[in-house]
Structure formats: structure tokens, C-alpha cells
Amino acid sequence: MDDDAKDELEPFAAWRAVLLAQSRAVRAIERELAAAGQISLMWYDVLLELNAANDRSLRMQDLALKAVLSRTRISRVVSELQDAGLVERVADSADGRATLARITNKGRHALKRAAPVYLEAIERHFTRHLTPREQQAIISGLQRVISAHSAETDPRR
């Protein structure tokens with residue numbers, strides 16, 4: 001392959017590497033959470049966003065924008081979390097048409113219990129494979145992509 005053709009493939013190689021790294025690391029982290037008897041990564045993501053929010057609750061549409069799930073999937077995951085007693089749905093006092101998802105004490109406990117496994121798995125399956133300089137390059141480069149595509153315009157939503 002000549003240098004011009006190789007240069008043309010580089011953006012696609014970066015894209016493919018991001019997809020493969022994310023897919024493989026996420027699967028490994030999910031396996032570790034399951035092996036440790038902890039909540040799933042999807043549940044962890046939703047509980048983490050709720051726990052960080054004001055009043056530990058978010059409107060369903062806002063939760064869908066913050067979580068790494070489609071709007072349809074977020075509704076199903078919140079229903080699963082509600083069935084498990086980790087989240088409750090409450091009417092939004094500011095807007096009677098909207099529903100809030102609120103993390104329960106049981107949900108906060110599950111999040112806290114899973115956090116060490118989650119953080120150790122990130123270290124084992126992602127961070128340890130990168131130098132601090134490579135981590136900073138990833139943050140800088142991908143943050144520009146993230147900023148160019150705000151969550152509100154995410155076509156999955």
C-alpha cells in the first residue's frame with residue numbers, strides 16, 4: 001500500500017480502534033461485574049447519573065440524554081431498576097406531564113457496592129494499557145468529537 005492510500009485509511013483505523021476497544025473493554029467489565037454478583041453496567045450507568053443529579057432524580061428525557069443508552073432502552077432499564085427497588089418513578093412537581101426517575105437508598109447502596117469492582121475493571125481492561133500521555137491524547141481528541149455532537153442532537157434519541 002502506498003503512503004497516500006495509507007494516509008486515507010488512518011481516520012477509519014482510528015474509528016475502528018475506538019469501536020473495538022470500547023466493545024471489548026465494556027464486555028470485560030460487564031463480565032467482572034456479573035462474576036462479582038454486582039449490578040449490570042447498564043444499571044450502573046443509570047444509577048450513577050441519578051446519584052449525581054440534583055435531588056438524585058432526573059426527568060426521563062434528561063436521563064436518556066445523559067446515559068449511554070437510547071431513549072427507548074432507558075425506559076426499559078428504569079422499569080427493571082424500579083422492579084428491583086433501586087429506582088422509583090415520581091411525578092415532576094414542576095411539570096405534571098413529566099415523570100422523574102429517582103434513585104432509592106437501595107439503589108445508592110447497590111451503586112456503592114459495585115463501584116470498587118467497576119473502577120478496578122476499568123483499570124484492568126483500559127487504563128493500564130495506556131500511558132498517561134496516551135490517556136490525555138484520547139481525552140483531548142475524543143472530547144472535541146463529543147463537543148461537536150451534543151447529546152441533544154444524538155440521532156439515537
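Read along its sequence, this chain follows the pattern α-α-β-α-α-β-β-α-α. That gives six helices and three strands, where helices (H or I, at least four residues) and strands (E, at least two) are DSSP runs, numbered from the N terminus. The model is a predicted one, in which local features need pLDDT of at least 70 and side-chain atom pairs count only at pLDDT 80 or more, while totals for chains, interfaces and linings use all residues. Residues are numbered from 1 along each chain as its sequence is written, and side-chain values use heavy atoms, leaving out hydrogens and water.

Let's start with the whole chain. Of its 157 residues, 29% are buried. Here, buried means under 20% relative accessible area, exposed means over 50%, and partly exposed is in between (1.4 Å probe, protein chains only). The chain exposes about 10,600 Å², and carbon and sulfur atoms supply 54% of that area. Accessible areas come from the Shrake-Rupley method with a 1.4 Å probe, and for residues only the protein chains shown count as cover. What about contacts, meaning heavy atoms within 4.5 Å? Among contacts in the chain with a separation of 6 or more, residues 24 or more positions apart account for 55%.

Now find helix 2, which covers residues 41-52. Helix 2 has twelve residues and reaches 16 Å from its first C-alpha to its last, close to the 16 Å expected at 1.5 Å a residue. That expected span is 1.5 Å times one less than the number of residues in the helix. Which residues of helix 2 are buried? They are Leu41, Trp43, Tyr44, Asp45, Val46, Leu47 and Leu50.

Next, look at how helix 2 sits against helix 4 (residues 71-83): their axes come within 10 Å and cross at roughly 90°. Axes are lines fitted to C-alpha atoms, for helices over the stretch in contact, and angles run from 0 to 180 degrees between N-to-C directions. Helix 2 and helix 4 are therefore roughly perpendicular to each other. The cut-offs are these: angles under 35 degrees count as roughly parallel, over 145 as roughly antiparallel, 65 to 115 as roughly perpendicular, and the rest as oblique. Where the two helices touch, Met42, Trp43, Val46 and Leu47 in helix 2 meet Arg73, Ile74, Val77, Val78, Glu80 and Leu81 in helix 4. By class, this contact has eight nonpolar, no polar and two charged residues. Ala, Val, Leu, Ile, Met, Phe, Trp, Tyr, Cys and Pro count as nonpolar, Asp, Glu, Lys and Arg as charged, and the others, Gly among them, as polar.

Is Gln38 buried or exposed? At 17% relative accessibility, Gln38 counts as buried. Leaving aside its neighbours within four places in sequence, Gln38 is in contact with Leu33, Ala110, Arg113, Ala114 and Val117.

This brings us to helix 5, which spans residues 105-125. Tyr118 has its place in helix 5 and is buried, with a relative accessible area of 19%. Beyond its neighbours within four places in sequence, Tyr118 is in contact with Ile29, Leu33, Leu41 and Tyr44. Tyr118 and Ile39 are 79 residues apart in sequence, and 9.9 Å apart in space from C-alpha to C-alpha. Lys112 is also in helix 5, and at 66% relative accessibility Lys112 counts as exposed. Lys112 and Leu47 are 65 residues apart in sequence, with 10.0 Å between their C-alpha atoms.

Most residues other than glycine have a negative phi. Asp55, however, has a positive phi near 60°, and Arg56 has a positive phi of about 55° although it is not a glycine. Asp55 counts as exposed at 69% relative accessibility, whereas Arg56 counts as partly exposed at 32%.

Strand 1 (residues 57-59) holds Ser57, which is buried with a relative accessible area of 10%. Apart from neighbours within four places in sequence, Ser57 is in contact with Leu50, Leu100, Ala101 and Arg102. Finally, turn to strand 3 (residues 95-103), where you will find Asp95. Asp95 is buried, with a relative accessible area of 16%. Asp95 and Arg59 are 36 residues apart in sequence and 9.9 Å apart in space, C-alpha to C-alpha.

How values were computed. Contact means heavy atoms within 4.5 Å.
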